[in-house]
Amino acid sequence: MKIRKSPAEKTFEIANILFLLVMCAVMLIPILHVVAGSLSSKNALTHSLVGIWPVEWTMENYKVVFTNTTFWRAFSVSVFLVIAGTLVNILMTVITAYPLAKTGLKGRRAVMLFIIFTMIFSAPLIPSFLVVKALGLLNTIWALIIPSALSAFNMILCLTFFRSLPEELFEAARVDGMNEYRILFRIAIPLSVPILVTLLLFYAVGHWNSYYSAMLYISNAALRPLQLYLYSIVAQASMADLSGSAEDAMMDLSPQGLQMATIIVATVPIVLIYPFIQRHFIKGALIGSLKE
């Protein structure tokens with residue numbers, strides 16, 4: 001039986017749709033403008049003729065970006081950072097969350113208190129820098145991985161998911177002679193794919209977008225990740241980082257167009273990953289945050 005909606009409900013539904021459309025437009029228009037600018041000529045950008053559609057189409061901006069050795073070096077550093085950093089993050093999160101999910105663990109409340117404390121009071125900048133320096137991590141890729149090896153928020157999400165798994169399953173495994181390590185890697189982790197994929201996305205996006213830590217701890221240009229490279233050519237308006245490109249091509253192009261093309265190329269990889277793990281992401285985020 002079809003339920004008829006009242007005029008007030010229909011009005012609310014229309015207003016809600018219009019509001020969502022406006023919000024989508026507000027978010028999409030800047031992105032479309034950047035895409036259009038990256039495909040527009042120097043003349044069009046110089047005279048501010050570009051809106052959300054390219055003017056005087058050209059692919060020269062992307063050709064310069066793709067032939068820029070500095071860009072690809074920063075890109076490779078970011079790829080390594082995402083892979084190595086995410087693996088370290090997932091490992092640390094799992095081996096911390098699994099034992100803390102067991103209510104019988106001695107000292108569990110004290111450990112949880114210390115972890116939650118770090119969510120409320122973060123370490124100041126200068127002490128953090130001194131610790132990284134004392135560990136000999138300055139100007140190494142590990143300075144971007146080890147200090148952020150564990151996220152308290154993500155660990156709590158993982159812990160909550162582990163609590164939702166039936167304890168009877170673990171008890172049966174113990175009766176069969178399995179130790180806690182085998183239970184974790186053969187039972188708990190295979191059952192926790194949704195939350196692990198969710199955390200993988202959180203950590204990977206965090207590493208891909210990170211530039212502040214690199215700005216503090218990395219002074220060697222060869223170790224700069226992609227986002228710090230973008231910061232240098234966009235926020236600092238430095239075109240010296242495009243010196244690996246052909247000078248003749250640079251003369252006919254707008255610095256703004258090159259910046260836009262670089263932003264698009266740097267954004268596309270992480271955007272392409274999301275559709276493949278969206279199903280697991282939604283399920284893991286809901287169960288990990290709500291289910292007890």
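Is Glu 171 buried, partly exposed or exposed? In this predicted model, Glu 171 is partly exposed, at a relative accessible area of 41%. The side chain of Glu 171 meets that of Arg 174 in a salt bridge, with an N to O distance of 3.2 Å. Both residues lie in helix 8 (residues 167-175), and because they are three residues apart, about one helical turn separates them.

A salt bridge links Arg 174 to Glu 167, where the closest N and O atoms are 3.2 Å apart. Another joins the side chains of Arg 174 and Glu 180 at 2.6 Å, N to O. Arg 174 is partly exposed, with a relative accessible area of 27%. Through shared partners, salt bridges join Lys 102, Glu 167, Glu 171, Arg 174 and Glu 180 into one network. Five salt bridges are found in a search of the whole structure.

A bend of about 30° occurs in helix 1 at Leu 28, and the proline Pro 30 follows within four residues. The buried residues of helix 1 are Val 34, Ala 36, Gly 37 and Ser 38.

Notes:
Residues numbered from 1 in each chain as written. Predicted model: local features only at pLDDT ≥ 70, side-chain atom pairs only at ≥ 80, totals over all residues. Heavy atoms only, no water. Bend = angle between axes of the 7 residues up to and from the residue. Helix = DSSP H or I, 4+ residues; strand = E, 2+ residues; numbered from the N terminus. Buried < 20%, exposed > 50% of the residue type's maximum accessible area, 1.4 Å probe, protein only. Salt bridge = Lys/Arg side-chain N within 4 Å of Asp/Glu carboxyl O.
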